[in-house]
Amino acid sequence: MTAAPTRARGGSRGPKGGPVDQQTVYRRRWGGLAVLIICLLVIVADNTILNVALRTLSDPVIGVGASQSQLAWAINSYTLVFAGLLFPFGVLGDRWGRRRLLVAGLAVFGAASALSAYSQNPEQLIAARAVMGLGASMVMPQTLSVITNVFPAEERGRAIGLWAGAVGLAMAIGPSAGGLLLENFWWGSIFLVNVPFVIVGLALMYLLIPESRDENPGRPDVIGVLLSVPGLVLLVYGIITAGERASLADWDVFGSLLLGAAVLVLFLLHESRTSEPSLDVRFFRNPRFSVSIAMIMVLFFSMAGIIFFLSFYWQSVREFSPFIAGLLVLPAALGQMIFAPLSPTLVRWVGPRTLAAVGIVIVCCSFVFYTQIEADTPLVLIIGFFFLQASAMAVVLTPATDAIMSSVPPGKAGAASAVQNTVRQVATAMGVAVLGAVISFNYRARIAPELDAVAGRSDEVGPGALHTAGESIEGTMALSRSLGAQGEALVAPAKEAFLAGLHVAALVSLCFGLIGLVVVLVWMPRDAVGHQRDAPSREPEGAEGTAGTEEERPHGSAEEHPRS
């Protein structure tokens, strides 16, 4: 009988902390991946499911009567805590145990979901969403690091492809599931639905996922971890607030951005000088690592705002129900599910640089299409480009994620996963903020004359209502509904103003997509490079002792492969 070709890298542990049988780890690896996908689905889907419930939550009768600002912070409180704590929990997972952090994070997320479902006012909802972000930040980095430590090199690309496909699926099913729940149940059901999935995930986790950690973590980098949290929180807060206000002029906005950037610079300086860093900046010398990080950042920045504001296109411009709007996102999930697992095979056929370049070109073509989208554009055409866009993203991001995770020692997988996820979150927040500001600026400029004309004909429209109506297409539509027949004159101009802003935002996204293409063509290695973690020494050049002795054993050692 042949020994199972696997290693529980970084020191696997059984339920009671003892070494776990490696044959068992190998046999259960795909079941463990299914558990990780459950964790991903519940966390990622819940972050998108809220978008379709904003109108319901704003209603004082069937919702909680949240204002536009409170709705924004119901979303942003989650994002702020999530992005700020991803890196610390990735590092702590490497030190304390990845399954331990998964269990704790999933339990916190489930409890906070129940609290969100039964919130009595917007303030309670915002606080509960922040706690959900805390739980999600404990879970997310561990999913990739567990995959990296359980799957052998020949299967890791496929496993990460399924992981990426699950992320895309969760982003797509969130709106459709949310719309279905809202049509049949009360608004709290969109949060309460998380609880049974959390219970199933917790029950299966102890059976299918082995404990793993860095067996030689060295001294804790307390200063580095403490610097990363305020740096990321301040930066993300500044980005989100700038997007909400469509301005950098307020002192708290530019102050947060400058202070956050300064703290992160201090963090990087500290990491480059300390003997045992939580993030070894020398990893960025590897072009596979650094170019992949740059690709993820550029693509998520350029796409996040477009995808976010397409939901307003479906509901406000095309006037579809939340459920139908959610269903129209499913083709994107199909593209992710098909092409994410196929991307490792495509990399072997054409090489990473060619594949990445082709994928980015397809994404850029979708941005060109969005610059021409109108209120009567055929649905088949929009869905087709949305499918191509999501498929191309999957083709690019799956090998990029694999490259990041395979470029670092197994003991630092949590930190690498956290860096990748943090970059995605920051880029997403920046994309929504910057492109949202672009859309808002264009929208206000175009709708202002129409609002002034309506205000001149009606005494019911005060300065406050006029300002709120000019902030977004939803605000204008709400004013139109409140004015009855007199407000119908605002509907067509509001749609035209929104589409004009969306066209400019798509053009900005196109520019950033082209920057990503240049990065790939100039700096990305032409050929796929073998996984560094599978070499006898996996330390970056000049690094000392961060991986531990288990990670430095070459394949085939008696201690690494179980005998049978």
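## Basis of the report

In this report, a residue is buried when its relative accessible area is under 20%, exposed when that area is over 50%, and partly exposed in between (1.4 Å probe, protein chains only). The structure is a predicted model, in which local features need pLDDT of at least 70 and side-chain atom pairs count only at pLDDT 80 or more, while totals for chains, interfaces and linings use all residues. Residues are numbered from 1 along each chain as its sequence is written, and side-chain values use heavy atoms, with hydrogens and water left out.

## Cysteines

A disulfide is a covalent bond between the sulfur atoms of two cysteines; here the term denotes a pair of cysteine sulfur atoms within 2.5 Å. The structure holds zero disulfides. For cysteine 364, the nearest cysteine sulfur belongs to cysteine 365 and is 7.2 Å away. Cysteine 364 is buried, at 6% relative accessibility.

Cysteine 511 is partly exposed, its relative accessible area being 42%. Its closest cysteine sulfur is that of cysteine 364, and the distance of 9.4 Å is too far for a bond.

## Helix 19

Helices are DSSP runs (H or I, at least four residues), numbered from the N terminus. Helix 19 covers residues 473–483, and because eight of its eleven residues are buried, the rest of the structure largely encloses this helix. The buried residues are Ile473, Glu474, Gly475, Thr476, Met477, Leu479, Ser480 and Leu483. They pack against several helices, including helix 12 (287–317), helix 17 (413–457) and helix 20 (491–523).

At the N-terminal end, serine 472 caps helix 19, with a side-chain oxygen 3.1 Å from the backbone nitrogen of glycine 475. After helix 19 comes glycine 484, which has a positive phi near 70°.

Lysine 495 is placed in helix 20 and is buried, at 16% relative accessibility. Its side chain reaches the backbone oxygen of valine 317 at 3.2 Å. Contact means heavy atoms within 4.5 Å. Apart from neighbours within four places in sequence, lysine 495 is in contact with Ser316, Val317, Glu319, Ile473 and Met477. Of these, Ile473 and Met477 are among the buried residues of helix 19.

Serine 137 lies in helix 6 (residues 122–150) and is buried, with a relative accessibility of 0%. A polar atom of the serine 137 side chain is 2.7 Å from the backbone oxygen of leucine 134. Beyond neighbours within four places in sequence, the contacts of serine 137 are Val81, Phe82, Leu85, Leu86 and Phe89.

Definitions and conventions:
Helix = DSSP H or I, 4+ residues; strand = E, 2+ residues; numbered from the N terminus. Polar contact = N/O pair within 3.5 Å; in protein donor to acceptor, adjacent residues only side chain to side chain.
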